[in-house]
Amino acid sequence: MKNKILSIIIPMYNEEESLPHLYNRLVALGEQIKDYELEFLFVNDGSKDSSLEIVKALRKADKRVCYVNLSRNFGKEVAMGAAFDYVTGEAVAIIDADLQDPPELIVDMVKYYEEGYDDVYAKRRSRDGETWLKKFTSKAFYRILQKVSDVPIQKDTGDFRLLSRRAIEALKSFPERQRYTKGMFSLIGFKKKEIEFDRDSRIAGQTKWNYFKLMDLAIEGIVSFTILPLRISTLMGILSGIASFIYMIFVFSKTIIFGVDVPGYASMVCILLFLSAVQLISLGIIGEYLGRIFIEVKGRPLYFVEEYSGSIE
């Protein structure tokens, strides 16, 4: 009887230094999982180094290695979306190429999957090799997102997880171009199981995430799963209007009682600056949502594939 297929998705962007190490550990992982045939699906997200050539060489020696070569760099979120369309396994694991997430943990994930869980996700107990600032901002972001989101978001978790086929099909049904996959994992529901682990530092190379990209991802996560920022801007406008009306009554009453008082220029300037700031913040929040509507209504393709090599060629 043919074994079931366990697919492992590996998004990659300029990971030539870590790929040989990752492949060796994936091969060792295959020796531990006997009841599944493994598929290693690498998604090349426009790498400028020799990452794709390394994967092609690995495929010549090992047909379990498959790859999707995107036409340019679309970003990790879109790369995972492409992988969902091409992956063939009944169970699908997602792991980064930098080996910060240990592939050996997939063995435990498979056990829980066989018990009936659709989403076995890895929660970071510790994060080696990351700065204090990054750890602090990450915890703050998840804390804020959990409070404002309309769906429960798992704290201190990334994309490292194992999903059932029905979970993958549910994720494929999302049409949006502006994607926050971590929120989508929560949105689809199904039966979930948490596994804690200690995250390692990168095996090689440099991280591709800077604080600007992380900030953009954080904004995407908040805007994609709640309209609370719009409500906050509305509340700020109401409170500012009430405060302005009260101050207007105060100034009018003071003028009637004490006459015209020329001093007050500084306070007036402060008020004008405050109200201008509120207006600009509100316009910025509206712009974030409007920009996403603009992108979505055009209905452009999510990605373009230059080359695919896999089990359904």
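Asparagine 14 counts as partly exposed, because its relative accessibility is 21% and partly exposed covers the range between buried (under 20% relative accessible area) and exposed (over 50%), with a 1.4 Å probe and protein chains only. Asparagine 14 sits in the loop between E1 and helix H1 (19–32). It is not a glycine, yet its phi is positive, about 55°. Most residues other than glycine have a negative phi. Leucine 99 also has a positive phi, about 65°, without being a glycine. Its place is the loop between E4 and H4. Leucine 99 is buried, because its relative accessible area is 2%.

This is a predicted model, in which local features need pLDDT of at least 70, side-chain atom pairs count only at pLDDT 80 or more, and totals for chains, interfaces and linings use all residues. Residues are numbered from 1 along each chain as its sequence is written, and side-chain values use heavy atoms, with hydrogens and water left out.

**The chain as a whole**

The chain has 10 helices and 8 strands. Helices (H or I, at least four residues) and strands (E, at least two) are DSSP runs, numbered from the N terminus. Of its 313 residues, 43% count as buried. The chain exposes about 16,700 Å², and carbon and sulfur atoms supply 62% of that area. Accessible areas come from the Shrake-Rupley method with a 1.4 Å probe; for residues, only the protein chains shown count as cover. Contact means heavy atoms within 4.5 Å. Among contacts between residues at least 6 apart in sequence, 85% join residues at least 24 apart.

Strand E4 covers residues 91–94. Ala91 and Ala93 point one way, Val92 and Ile94 the other, and all are buried. Strands pair if DSSP finds at least two bridges between them. E4 runs parallel to strand E1 (residues 4–12), joined by 4 bridges. E4 also pairs with strand E6 (residues 157–164), in the antiparallel sense, over 4 bridges. Which residues face valine 92? Serine 7 stands opposite valine 92 on one side of the pairing, and leucine 163 in E6 stands opposite valine 92 as well.

Glutamate 114 belongs to helix H4 (residues 106–114). Glutamate 114 is partly exposed, because its relative accessible area is 46%.

**Aspartate 159**

Aspartate 159 lies in strand E6. Is aspartate 159 buried or exposed? It is buried, because its relative accessible area is 5%. Its side chain makes a polar contact with the side chain of lysine 76, at 2.8 Å. A polar contact is a pair of N or O atoms within 3.5 Å; within protein, one must be able to donate a hydrogen and the other to accept it, and residues adjacent in sequence count only if both atoms are side-chain atoms. Neighbours within four places in sequence aside, aspartate 159 is in contact with Lys76, Met80, Ile94, Lys182 and Phe185.

**Salt bridges**

A salt bridge is a side-chain nitrogen of Lys or Arg within 4 Å of a carboxyl oxygen of Asp or Glu. The count comes to 10 salt bridges. The table gives some of them.

| Arginine 25 | Glutamate 104 | 2.9 Å |

Lysine 56 counts as partly exposed at 28% relative accessibility. Glutamate 307 is partly exposed, with a relative accessible area of 27%.

Arginine 165 and glutamate 169 both lie in helix H6 (residues 165–172). They are 4 residues apart, about one turn of the helix. Arginine 165 is partly exposed at 24% relative accessibility, and glutamate 169 is partly exposed with a relative accessible area of 38%. Elsewhere, salt bridges that share partners join Lys76, Asp96 and Asp159 into one network.

**A nonpolar surface patch**

Leucine 239 is found in helix H9 (residues 228–258). Leu239 belongs to a nonpolar surface patch with Leu235, Ile238, Ile242, Phe245, Ile246 and Ile249. Together these residues have about 680 Å² of accessible area. Patches are made of residues with over 30% relative accessible area and no salt bridge; like charges are joined within 9 Å, nonpolar side chains (Val, Leu, Ile, Met, Phe, Trp, Tyr) within 5 Å.
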